[in-house]
Amino acid sequence: MHSKTLMLSGLALLISTFTTSTRANESTPQTPSTYVIGYLELDAAIDKRYSDKQLYAKYLGQALGRPFAGAEVALKEVKYHGKALGLNFALEKATAKDSADLGTQLETLKQKGAKFILTDLPASDLATLAQSTRDQELALLNISAPDDSLRQTDCQPNLYHLLPNYAMQTDALAQFLVSHKWQSVLELVGQLPADDQWAQAFERSAKRFGLKITEKKSFVLSNDPRERDQNNVALLTGGDQAVIFIADSQGEFARQVPYHTLKPNLVVGAEGLTTGAWHWSWERHGAPQLNKRFEKKADRAMSSTDWAAWMGVKTIAEAVQIKNTTDFKTLTEYFTAPDTAMDGFKGNGVSFRAWDHQLRQPLLLHTHNAVIDRAPLKGFLHQINNLDTLGFDERESTCKF
Amino acid sequence: MSLKSMIKLALLSTCLTLSSASFAKDTGYIFVSSEKDHSVTVLDGKTFAVVKTIQTSERPRHLAFNPDHTQIYAACGDGESIDIIDIAKLEAVDKIGNIEDPEAFDLSLDGKAMYISLEDDGALGILDLASKKMTKEIEVGEEPEGVLTHPNGKTVFVTSEVANMVHVIDVEKGEAVADIVVGKRPRRLAITPDQQHLWVTSELDASISIIDLTNNTVLHKIKFEPKGFRREDVTPVGIAMTKEGKTAYVGMGRANRVAKVDVASREVQDYILVGERAWNVSFNADESLLFAVNGLSDDVSVIDVASNKVLKSVPVGRVPYMALVD
C-alpha cells in the first residue's frame, strides 16, 4: 500500500516494477521519492472566470489570476513535510482544452501517480468529473467553485472543498449585519444562474440570523431606457432600507452601485463589503509573510482562490506529515477527523466537515483594501465548533455520500 | 548581582555559563518593542512610568542585550535591519542593514555572532556582529521563528512555523542535524537548566512539546486548557523559565492569560488574567516580577510572581511585541 502510492521518478520506476516489493519498501530517506499532487484546470480560452477582461477589472472578491501560483507557494512551504518518509512533494498540472478533455487529462494525472488533485473548474464540470470518479481512490479538491449545490445535492465522497461556498459567505455577512443592527436589506439580483444561487444563499442566511429583506429586485446590465427600472441604480434603490445586498457573480453591474444609490445606503455582497477566504490586506496569523511570498511568486496580490489552492497542497502535505504515511484512506480520514486542526493562517485551525467535505474556516469580511472583520463574529456560538455557524451545519446538510 | 541581571529571559539562559565579567548598569529599565510605532518604549523598573520612547527602524520585534548590557539589539522586520540601542544614551546609535525581515534571534555565547531567523528566505542566518556581515545562511523550514543557542554554544535550535518543526543546527557544520516534528506553529523555546529538555510552544496546538535532547524526540506534551476557552482560542507563544528551572510562565495569546507551569511535574498551576493576546513574557532581574506583553491591547501586564497577581497594566506603543528588562 505504502509503495503503491509513492511515485518514483524515471528509471527508478522501471526498476522497482521489476524487482521484488521488499526493495521498494526499503526505500531510504537518502533517495527521496516524489509524491505527486495533481492540478487540473481548463484552458483560459474556455474558463471565462480568468479572461483578460475579467481579471483586468479586479472586481471585489474575484480571482486576480489563475490560482496555480498559490499551489506553488505551498509546495515550497511543505519541503520538510515528507522528510520522515523520504518524500519530496511535486505538482503536476494538466490543462484541458475543453470540458470533454477533462477525463483524459485526469487520467494523465493519475498515471503520474496523483491521488489528490486540485481542481480549478466551474461547478458543472466538477460535478460531472466527481460523479464519474466517485468510486475511485482519488480525491478532488475544489479550489474555485463556490456553488452550494456541490456541497448539497451534487456532493460526492471523493470531492472536497477548500473555497468557502455561498452559504458560508452569506452567513458571515449576515452575522456582520446583525451585529451592527443593520437589519433591513434590499436585495438586488442579476440574471446569471450563479447570481440566483448567491441570492438564495443570502435569503437562507437572512432567515437564519434574523435580517429583514425589504424587497427583492432583479437588475439587468444594459443602457436600454425601456429597462430603466432594472438598469438604473437610483430607480432600483428608492426603498426604505439600511443596506443593499447585491448578488452579481460577474461584477460589472455591482461596481457601479455604491454612490449611485438614491439614498446613502451601504452596499454589501458583490461590492462594498464582501466575504472571502482570503484578502491581501489581512495582517494577522502570519498573513503578511504569506502575502509576501505569494506576491514574490505571482507578481500580484493573493486572493481567495489562490488561498484555496495554497491550502489544498498544505492539507495533503500536513496529513502526510502528521499521519506519517501516504496511505490514501488514512490521509482522507485525517481530513475529517474531529480533532484535526490545520493551519490556514486565519487563526482557528481548519478541517473538513465530515458531512459534506467543506473546509470549515474563518472568513474575512473585506472591502477593496481592508479586512473589516473576521467571521464567525463575536457572540455567534456553536455547541461544537464556532466555525460551523458558517454554512451548512450537519443537521441542515442534504448531502448523502 | 551582575550575573543575575544578565538573565532575564529563558532565551538568554545561555549566559549562565559566562563569567560575571560584565559591566551591567542595572538601570532596571523595561524595554518594550512596538511593531506599529517603530519604537521601543522605556519604562522605569519601579514606577513603570515611561522614561523615554526610542525611535527605531520600522517594526521592531525581538530584543536582546549584548553580553555586558551596554547595548540592545532590536530586530526591525520592515526596516530590514538590526538596530543597536545604547542603554546609557537611550537611543539607537547604529544599525546593521540589508537583512530581509528579521524577527527572532539569539547570540553566540561570546556575543560575537547573531543567529537570526530569516522569515522570507526560510533560513537561519549567522551574522558576524563586528563586520556586520552575514557569514552563512542555513536552509530550514519556511517561516523560521524562535531561536535559542544551546548553553554548549555548539548547537542552535530554530523553530519553523510552517514546517511544524524544531531544527537542531550544528553551527560548525552549518547544517541541521535533526528535524523534530512538534505541535503546530511552533514559536518559542526554553531549555531546562540541566540541559536535558527543550520546551517548545505551539501556537496552533495549544501545547508545549517537551523534547528529550538526548535523542531529539518529543517526550511529552503539555496541553493548555484554561476554563471557558476552546482550543482554537488558546495560542501559546512566549515562554520564560526561572533560572533554577522550577517554574515556566507561558503567554496564552488569545486566551488573554499567562499560564504558570511547574517544570518538574509539568502541571499547569494557574492561569493569570492579563491583556489581549499575551505573547512574550519576561522576568525582571530577581524574578520577582513578570512582564506579559499584550499585542492587541497595546499594554504590558506587570505580574507579581509571589502572588500571581497583576499589579498594574501599563500602556505602551501600538502592537507591543516583547519586553526586555535590564
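How many bridges join strand β17 of chain B to strand β18 of chain B, and in which sense do the two run? Here is a friendly walk through the model, with that answer in point 2.

1. **What you are looking at.** This is a predicted model, in which local features need pLDDT of at least 70, side-chain atom pairs count only at pLDDT 80 or more, and totals for chains, interfaces and linings use all residues. Residues are numbered from 1 along each chain as its sequence is written, while chains are lettered from A and ligands numbered from 1 in the order in which they are written.

2. **The antiparallel sheet of chain B.** Strand β17 (residues 197-202) and strand β18 (residues 207-212) of chain B are joined by 6 bridges and run antiparallel. Strands here are DSSP runs (E, at least two residues), as are helices (H or I, at least four), numbered from the N terminus; two strands pair if DSSP finds at least two bridges between them. Within this pair, Val200(B) has Ser209(B) in β18(B) as its bridge partner. Both strands belong to an open sheet of 4 strands, ordered β16-β17-β18-β19 in chain B, with antiparallel pairing. At the edges stand β16 (186-191) and β19 (217-223) of chain B, each with a single partner strand, so one side of each has no neighbour in the sheet. On average, neighbouring strands of this sheet are turned by 25 degrees against each other, direction ignored; axes are lines fitted to C-alpha atoms (for helices over the stretch in contact), and angles run from 0 to 180 degrees between N-to-C directions.

3. **A parallel sheet in chain A.** Chain A has an open sheet of 4 strands in the order β7-β6-β8-β9, and the pairing is parallel. Its edges are β7 (212-218) and β9 (266-269) of chain A; each has a single partner strand, so one side of each is left without a neighbour in the sheet. Strand β6 (residues 184-189) of chain A is joined to β7(A) by 6 bridges, in parallel, and Glu187(A) has Lys216(A) in β7(A) as its bridge partner. Helix α9 (residues 193-209) of chain A lies across β6, β7 and β8 (243-247) of chain A, at about 165 degrees to β6(A).

4. Strand β10 (residues 123-128) of chain B is mostly covered, with 5 of its 6 residues buried. Buried means that 20 or more other C-beta atoms lie within 10 Å of a residue's own, exposed means 12 or fewer, and partly exposed is in between, with C-beta atoms placed from the backbone. On one hand, β10(B) pairs with strand β9 (residues 113-118) of chain B over 6 bridges in the antiparallel sense, and Ser117(B) stands opposite Leu124(B). On the other, β10(B) pairs with strand β11 (residues 133-139) of chain B, again antiparallel over 6 bridges. Ala123(B) has Glu139(B) in β11(B) as its bridge partner. The β10(B)-β11(B) hairpin has 4 residues between its strands, and Lys132(B) in the turn has a positive phi of about 60 degrees.

5. **Where the chains meet.** In this model, 14 residues of chain A are in contact with 16 residues of chain B, contact being C-beta atoms, placed from the backbone, within 7 Å. On the side of chain A that touches chain B, α5 (68-77) and α12 (287-298) of chain A each supply at least two residues. The model scores ipTM 0.75 and pTM 0.84.

6. **Some backbone details to check.** Most residues other than glycine have a negative phi, and most peptide bonds are trans. Tyr259(A), not a glycine, has a positive phi of about 75 degrees; Tyr259(A) sits in the loop between β8 and β9 of chain A and counts as exposed, with 8 C-beta neighbours inside 10 Å. Asn216(B) has a positive phi near 55 degrees, lies in the loop between β18 and β19 of chain B, and is partly exposed, with 14 other C-beta atoms within 10 Å. Ala375(A) and Pro376(A) are joined by a cis peptide bond, with omega about 0 degrees.

7. **A word on confidence.** Chain B has a mean pLDDT of 91, and 92% of its residues reach 70 or more; pLDDT is the predictor's confidence in each residue, from 0 to 100. Over residues 6-24 of chain B, pLDDT stays under 50.

Methods:
Contact = placed C-beta atoms within 7 Å.
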